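Have the 3D view open as you read.

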Amino acid sequence: MWITRVLSSIIFLTYTVVSIPLGFDVGGRACGLAFSLSLASFYFFYSVLRLLTPSRSRYRWLLVKTIATTQWIILPSLLIWSLNRFSVEPTDSRGWVERTFSGKRAADTSLSQWILGPDGLAETVTVGVWDKFLTWSTPVFQLSEGFCSLLVIQAAGQVTRWLVNRSGKSDSWMIGLLVMSASIISSSVYFLWRVTQFPQISNVDATLIGMAITCAVFLCAWGIGSGKGNPVESSLLFAYIVLCIYQIFTDYQPSNPIEPPPPSEAADFPPFPPIIMASYTTLLQALSTLPSAIHATFNFIIAALSTITPSVIISLAYRLFVLYASTRIIPAVRESGARALSQEPSLEDTDGANQILGVLSWFSPSILIAVYTSLLMQHFATTSNGDNGDWWVSQGGDVGNNLWRWINVAGTMALYALELNLSKEDLDSGVTGHWKSE
């Protein structure tokens, strides 16, 4: 049933979002990488099993159902195993090749210990390769986000253009879309003003921000003035550029921490009626009598949620949205029109691009884990220059920079400018080319 699939997806997302940063926070860098690798490997082999086995096979149905049912036991077990095995970080910051083949490995008593022991060949190669893969894939994920965002922006522009020019209530749609575009631009200007208030903005950063905003305003005006764009498309492009700039310079935290107010003196009378205060006191006494395991579980959940970084969650949610939307928009633009917006990519499609999207949809859990872990590593590397980020560098992590974020901003605007230069003012193209109007 679809309700079961939705609940399973929500539980998977919640567990992934909470458990991976918990592994980094409690066990350290190697533990977090090992746990994310084990999660990605588990869902990768699970997807391969579902993809290669016959859909009507009874053994396939039994095996898939068994794995799907027991995964809620396997996933916590993987976290416990990672915390137990990798919670102790290496004492040096050398690469996995030096740690594996150095002279200090001569103390190993057997070949199996050298291969399967702590900091052995198998451990250092798998975690080291996963670390390098996530590090090198960061530019790919960043540029893919910009490309998919541009696809979503242009699709939204085509849909709104069709609503204004072909629907029966064009005036109402025009007024509503103009109000929405103005709201988007106003919100973007507010967050841009927030960026200017950050104390860490340097002269070079201010120059880059000015160049990016100037180019974005010029592209928005060009698109609207030439008729190849519209206010919705331009406002969304401007909002995305501001979002990228905001992600570069902030962690979605207040610029100046708010100090807690001094405790006020006790009032002479209770703030609520006596019956409510009595019920509140009774509830607290009842909660105090609960077993200590429940209190420990509640404290564990609070501690796990406190490890989640708001900037990473917002970036993950936005990146997943644009990646998923692009899997629906690309087939619509290529051949299927608006019908593809309501169809999942499939391997049975005759088009090669749709088959590639179908393969990616099968391995979406592993891709999600890789994208989330990459965002976490990028966050830890970016904040490694602060007081709370020394542990990342001491455990072999790199000091991050925002080079690829700026490249994404420049590339997105350059691609949009190329699109405006090459495109024609055609209302019956792309997503809305197959739509009908009466």
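## Helix α6 against helix α9

In this predicted model, helix α6 (residues 121-166) packs against helix α9 (residues 231-249) at an angle of about 155 degrees, and their axes lie 8 Å apart. Because angles over 145 degrees count as roughly antiparallel, α6 is roughly antiparallel to α9. The crossing of α6 past α9 is right-handed.

Sorted by class, the contact of α6 with α9 holds 6 nonpolar, 6 polar and 3 charged residues.

## Helix α8 against helix α9

Next is helix α8 (residues 203-226), which packs with α9 at an angle of about 170 degrees, with 8 Å between the axes. The two helices, α8 and α9, are therefore roughly antiparallel to each other.

On the α8 side, the contact residues are Asp 205, Ile 209, Ala 212, Ile 213, Ala 216, Val 217, Leu 219, Cys 220 and Ile 224. They meet Pro 231, Ser 234, Leu 237, Phe 238, Ile 241, Val 242, Ile 245 and Phe 249 of α9. By class, the contact of α8 with α9 has 15 nonpolar residues, 1 polar and 1 charged.

## Helix α7 against helix α9

How do α7 and α9 run, parallel or antiparallel to each other? The axes of helix α7 (residues 170-196) and α9 cross at roughly 20 degrees and come within 9 Å. Angles under 35 degrees count as roughly parallel, so α7 and α9 are roughly parallel to each other. Their crossing is left-handed.

The α7 residues in this contact are Leu 177, Leu 178, Met 180, Ser 181, Ile 184, Ile 185, Ser 188, Val 189, Phe 191, Leu 192, Arg 194 and Val 195. Their partners in α9 include Pro 231, Val 232, Ser 235, Leu 236 and Phe 238. Further along α9, Ala 239, Val 242, Ile 245, Tyr 246 and Phe 249 also take part. Here the contact of α7 with α9 divides into 18 nonpolar, 3 polar and 1 charged residues.

## Two residues to look up

Is Ser 235 buried or exposed? Ser 235 sits in helix α9 and is buried, with a relative accessible area of 0%. Setting aside neighbours within four places in sequence, Ser 235 is in contact with Ser 181, Ile 184 and Ile 185.

Ala 325 has 14% relative accessibility and so counts as buried, as the cut-off for buried is under 20%. The C-alpha atoms of Ala 325 and Ala 155 are 9.8 Å from each other, although 170 residues separate the two along the chain.

## The chain as a whole

Stepping back, the protein chain has 16 helices and 0 strands. Of its 438 residues, 39% are buried. Among contacts between residues at least 6 apart in sequence, 73% join residues at least 24 apart.

The accessible surface of the protein chain is about 25500 Å², and carbon and sulfur atoms account for 66% of that surface.

Methods: Residues are numbered from 1 along each chain as its sequence is written. This is a predicted model: local features need pLDDT of at least 70, side-chain atom pairs count only at pLDDT 80 or more; totals for chains, interfaces and linings use all residues. Side-chain values use heavy atoms; hydrogens and water are left out. Axes are lines fitted to C-alpha atoms, for helices over the stretch in contact, and angles run from 0 to 180 degrees between N-to-C directions. Helices (H or I, at least four residues) and strands (E, at least two) are DSSP runs, numbered from the N terminus. Angles under 35 degrees count as roughly parallel, over 145 as roughly antiparallel, 65 to 115 as roughly perpendicular and the rest as oblique. A crossing is left-handed if the near helix is turned anticlockwise from the far one by less than a right angle, and right-handed if clockwise. Ala, Val, Leu, Ile, Met, Phe, Trp, Tyr, Cys and Pro count as nonpolar, Asp, Glu, Lys and Arg as charged, and the others, Gly among them, as polar. Buried means under 20% relative accessible area, exposed over 50%, partly exposed in between (1.4 Å probe, protein chains only). Contact means heavy atoms within 4.5 Å. Accessible areas come from the Shrake-Rupley method with a 1.4 Å probe; for residues, only the protein chains shown count as cover.
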